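User: Hi, I am new to this structure and would like to get to know it. Could you show it to me and take a few questions?

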Amino acid sequence: MPKSSKVTQREHSNEHVTESVADLLALEAPMDYKSSQMSMNMAGGGPPPIGKQPDISPDLEDGRPAWNSKVEYILAQVGFSVGLGNVWRFPYLCQKNGGGAYLVPYFILLLLIGIPLFFLELAVGQRIRRGSIGVWNYVYPRLGGIGVSSLMVCGFVGLYYNVIIGWSIFYFFQSFQYPLPWSECPIRRNGSQAIVEPECEKSSATTYFWYRETLNITSTIGDSGGLNWRMTLSLLGAWIIVCLAVIKGIQSSGKVMYFSSLFPYVVLFCFLVRGMFLKGAVDGIAHMFTPKLEIMLEPQVWREAATQVFFALGLGFGGVIAFSSYNKRDNNCHFDAVLVSVINFLTSILATLVVFAVLGFKANVLNEKCIVENAEKILDLLNSNVLSHDLIPPHVNFSHLTSSDYAEMYEVIKIVKEDSFSQLGLEQCLLEDELNKAVQGTGLAFIAFTEAMTHFPASPFWSVMFFFMLINLGLGSMIGTMTGITTPILDTFKIRKEILTVACCIVAFLCGLLFVQRSGNYFVTMFDDYSAGLPLTIVVILENVSVAWIYGTKRFMQDLEDMLGFKPYRLYFYLWKYVSPVCLLILIAATVVEMSISPPGYNAWVQDLATERFQSYPPWALAMCFALIVLAMLPLPLVFIARHFNWLPDGSNKLSVSYRKSLTKDTSNLEDETRFILGKNPSEAPSPMPSHRAYLGPGSTSPVELITNSTSISGYGSGYQTNPAPPKSES
C-alpha cells in the first residue's frame with residue numbers, strides 16, 4: 001500500500017485507531033482488486049501488465065447491481081415519489097386549505113422534515129448498500145423491525161394501489177370510442193317507452209358510469225356481490241405490467257422509468273396548454289391561488305400539509321432506500337435529495353394548475369347550464385303570471401343571458417317575492433359555488449375530470465392521454481413499492497430475483513381479488529385510511545431516532561463527509577436531532593387524535609338515492625381496520641424483544657460475497673495492510689454498523705474489534721458471513 005495512504009499514516013503515527021476496516025477502505029480510492037497488490041491471480045502481487053487496466057466496479061465486486069446511469073436513478077426516484085397523489089390529492093388540499101396560502105406551510109414543512117428525512121434515507125441506503133431490512137439491522141439491530149414494518153406497509157399499499165392502475169386501464173380502453181361511454185345517460189326500454197336510467201338521471205352520466213358500469217358497486221361493505229370480472233381482468237393486466245417492469249430488477253425498471261417518469265409531464269403540459277384556451281380556465285386558476293390567509297394559521301392545515309409532504313416523497317416505504325442502495329458510494333445524494341424534492345413540489349404545482357384550469361372550465365359549463373335551466377323556469381313563471389314582467393330589467397335578453405344579467409334578475413325577484421321566493425325553486429347559479437365543490441381521489445379522476453373532458457373537442461384523444469398518464473404515474477410508484485419489497489428479501493435470502501418477482505406478483509394478485517369484488521372500493525378506502533398512515537409515521541420517526549440519537553448525529557455527519565467528499569450543512573445536524581423528531585411526534589399525536597375523533601366509516605353508494613351516504617364500519621370491518629395497523633407495527637416490538645434476549649441473530653456482521661471469496665482464496669495478502677487490526681480477539685463480535693468514530697453502537701468495547709480472525713467483517717455489500725461469531729449481548 002502506498003505510504004501516503006491513510007492506513008499507513010495511522011499505522012506509523014501515535015494517533016489512536018478508531019476506524020473499522022470498512023471505513024478505512026471507504027476513505028481510500030476505489031480499489032481494483034484485479035490490478036492491485038491484493039490480486040489473487042498474480043504471483044507475488046506484481047503490477048499488472050502495461051496497457052491492461054481492467055475497470056472493475058466496486059459495485060460489481062460485491063455482487064450488487066448498479067444503475068446504468070445517474071439519469072436512470074433520478075428518474076426512478078422521481079417516478080416513485082411523483083404519483084397519483086400529486087394529481088388528485090395535492091390540488092384538493094390546496095383548494096380546501098386556503099388556496100395559495102396552503103403553499104406556505106407546505107413549503108416550510110418540506111424544508112423542515114421533507115428534504116432532511118429524504119436525504120437521511122438516501123444516505124443510509126447508499127452508505128450501507130442494503131435494502132430496508134439490512135440497513136436498520138446495521139444501524140441498530142434491536143430496531144431491525146423497522147425494515148420489516150416498511151416491507152409490510154409496502155405490501156399493503158401495493159395491493160390496493162395496483163387496483164387503481166387497473167381502474168385506469170379499464171377507462172383507458174373505454175376511451176377508444178366516440179362519443180365517450182360516460183358522456184350520456186343510458187336509455188332503458190320499458191315496453192314501448194324509452195326512459196333514462198333513473199340512477200343516472202338522479203346523479204350524472206360520469207357518476208353513473210363510475211359506480212354502476214365500472215364498479216357495479218353494492219350498497220354496503222358487508223354485501224360482497226361477487227367478483228367484478230372486468231375489474232378482475234384489469235387488475236390481472238396491471239400486475240402483468242408491473243411484473244414485466246421489475247422482473248430484472250433495476251436493469252429492467254431503469255429502462256421503463258425513461259418513459260413512465262417523463263410521459264406524465266408531456267401530458268400535463270399538453271393539458272395545461274389546452275386548458276388555458278378553455279372558457280373559464282382562468283377563473284379556476286384564479287380561484288385556486290387566491291390566498292385565504294385566515295385559514296393558514298389553523299392547526300388542521302399544518303397537519304394535512306405535513307402528511308402530504310410525508311407521503312409525497314415516499315418516506316418510510318423502503319423504496320427510497322432500496323433505489324439508493326444501488327448507487328456508487330461516493331454519489332452526491334444530498335444533491336439528489338434536493339433535486340427530487342424540488343421536482344416533486346413543482347410537479348404538484350403543475351398538476352394543480354392543470355386540474356383547476358379544467359375544473360374551472362367544467363364549473364363554467366355547469367354554471368351556464370344552471371343559468372339556462374333557471375331562465376326557463378322564470379319564463380314559465382312569467383307566462384303563468386306568477387311573476388310580473390315589470391320585475392325583469394329592460395336590458396335583459398333571454399336569448400343571450402349573461403351570468404351578470406341573471407344575477408341581477410335573481411336579486412330583484414328575491415327582494416320582491418321575499419315571502420314566497422322559496423316556492424319558486426330558483427337557484428342562484430354562482431360560479432364560486434361550483435369552484436368550491438372540492439373533489440379528490442377517485443372522485444376527481446374518474447368523475448369530475450372525465451366529465452370535464454366530455455366537453456373537450458376531440459374528447460376521446462384527451463381521455464386516452466389522461467388515463468395513460470395515470471397508468472404511468474401509478475406504474476412509477478409501483479416499481480418503487482415493489483423494489484422496496486424485493487430488495488430486502490434478496491439481500492436476506494438466496495433467491496433468484498425473477499422467481500421472487502413473479503411469486504410476489506401472483507400472491508399480490510390473489511390477495512387483490514378482495515378489491516375487485518363489487519364491494520371492493522370500500523376496502524380500497526379502508527386500506528388507504530388505515531394501512532399506511534400511522535404505521536409509516538412511526539417507522540419514519542424510529543428511522544430518525546435510530547440515526548440521530550442511537551447511532552449519533554455527529555458520527556453520521558462525519559460518515560457523510562467521508563462519503564460525499566464535503567461536509568453537509570450544519571443545519572442538518574439540528575434538523576435531524578431536534579426539529580424532525582418533534583414535528584413527527586406532533587404529527588403522530590395529531591393523527592391519533594384525528595382517528596379517535598373521526599368515527600371510522602366509509603361513504604357507501606346508495607343506488608335508490610343515487611348518492612353517497614356515510615356508514616360506520618360493522619364490527620368485523622372495524623377489527624380489520626385495527627388489524628392492519630397492528631400487523632404493520634408488530635415487527636417493531638417483536639424484533640426488539642427477540643434481539644434483546646438474543647433469540648434472534650442481529651444480522652449486522654455479514655460479509656459481502658466478493659470479500660468473503662477473496663478471503664477464502666488467500667488471506668495472506670491482507671496481513672501487511674491490516675496486521676494492526678487482525679491481532680484482536682476473534683471471539684469478539686462486530687458492532688451493528690460500520691462507523692468512523694470510536695463508539696460503534698451498543699455492546700461495542702473498541703472500534704478495532706469490528707474486524708476479527710473469524711472473518712466477521714462489516715461491509716457495505718450484500719452477502720453473507722462465512723463463520724459468524726455469536727452475537728454479543730447488547731444489554
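User: Which residues make the nonpolar surface patch of about 550 Å²?
Analyst: This is a predicted model, where local features need pLDDT of at least 70, side-chain atom pairs count only at pLDDT 80 or more, and totals for chains, interfaces and linings use all residues. Residues are numbered from 1 along each chain as its sequence is written, and side-chain values use heavy atoms, leaving out hydrogens and water. The patch of about 550 Å² is formed by Trp229, Leu233, Leu236, Ile240 and Leu244.

User: Is Trp229 buried or exposed?
Analyst: Trp229 sits in helix H12, residues 229–246; helices are DSSP runs (H or I, at least four residues) numbered from the N terminus. Buried means under 20% relative accessible area, exposed over 50%, and partly exposed in between (1.4 Å probe, protein chains only). With a relative accessible area of 60%, Trp229 is exposed.

User: Where does His400 lie, and what is its relative accessibility?
Analyst: His400 is found in the loop between helix H19 (333–383) and helix H20 (403–416). Its C-alpha atom is separated by 9.7 Å from that of Val372, 28 residues apart along the chain. His400 counts as exposed, because its relative accessibility is 62%.

User: How are H26 and H28 oriented to each other?
Analyst: The axes of helix H26 (residues 533–564) and helix H28 (residues 619–633) come within 9 Å and cross at roughly 20 degrees. Angles under 35 degrees count as roughly parallel, over 145 as roughly antiparallel, 65 to 115 as roughly perpendicular and the rest as oblique. H26 and H28 are therefore roughly parallel.

Definitions and conventions: Patches are made of residues with over 30% relative accessible area and no salt bridge: like charges are joined within 9 Å, nonpolar side chains (Val, Leu, Ile, Met, Phe, Trp, Tyr) within 5 Å. Accessible areas come from the Shrake-Rupley method with a 1.4 Å probe; for residues, only the protein chains shown count as cover. A salt bridge is a side-chain nitrogen of Lys or Arg within 4 Å of a carboxyl oxygen of Asp or Glu. Helices (H or I, at least four residues) and strands (E, at least two) are DSSP runs, numbered from the N terminus. Axes are lines fitted to C-alpha atoms, for helices over the stretch in contact, and angles run from 0 to 180 degrees between N-to-C directions.
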